[in-house]
Structure formats: structure tokens, C-alpha cells
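This report describes the salt bridges of one structure. Please look over the sequence and the model before reading on.

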Amino acid sequence: MEEEYWKQFAMTGKVEDYLSYKGIETCQNIMKKYEDQKRESVNHSDRNGDFGITDRRL
């Protein structure tokens, strides 16, 4: 997909096409960073599970 945007820019030379290409690249980098952070938060949870419940209503 990214290659298609680059080819479009290379063919037209339009700034708009270049910005579309860079937008795809930036979006992919953000998504990768988000996925890495999501994976880390699952592996390093500070939760105590059922043992940390403080609600003692009857």
C-alpha cells in the first residue's frame, strides 16, 4: 500500500501525493508504537486481581 502512494508521487510530483505517502508512513509508525505499548501494559499489570477489591458493601 505504501508503495502505491510513493509511485503516485513519483509519477505526478505533486506535494499532495507526497503528503499522502508521508501520512501513511506516519500512521504505520504510530500504530506500531501503540501496539508495542499495548503489549507492554498487558505484561506489566499493577493490578492485584480479586485480592485488591476494596468495595466492602453488603
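## A pair in helix α1

Lys7 and Glu3 are four residues apart in helix α1 (residues 2-12), so about one helical turn separates them. Helices here are DSSP runs of H or I with at least four residues, numbered from the N terminus. The side chains of Lys7 and Glu3 form a salt bridge, with an N to O distance of 3.3 Å. The term salt bridge means that a side-chain nitrogen of Lys or Arg lies within 4 Å of a carboxyl oxygen of Asp or Glu. Lys7 and Glu3 are both exposed, where exposed means over 50% relative accessible area, buried under 20% and partly exposed in between (1.4 Å probe, protein chains only).

## Basis of the model

The model is predicted: local features need pLDDT of at least 70, side-chain atom pairs count only at pLDDT 80 or more, and totals for chains, interfaces and linings use all residues. Residues are numbered from 1 along each chain as its sequence is written, and side-chain values use heavy atoms, with hydrogens and water left out.

## Pairs in helix α2

How many salt bridges does a search of the whole structure find? The search finds three.

One of them joins Glu25 and Lys22, whose closest N and O atoms are 2.6 Å apart. These residues are three apart in helix α2 (residues 15-43), which places about one helical turn between Glu25 and Lys22. Glu25 is partly exposed at 22% relative accessible area, and Lys22 is partly exposed at 30%.

Lys32 and Asp36 form another salt bridge, with 3.3 Å between the closest N and O atoms. Both residues lie in helix α2, four residues or about one turn apart. Asp36 has 28% relative accessibility and therefore counts as partly exposed.

Conventions
Helix = DSSP H or I, 4+ residues; strand = E, 2+ residues; numbered from the N terminus.
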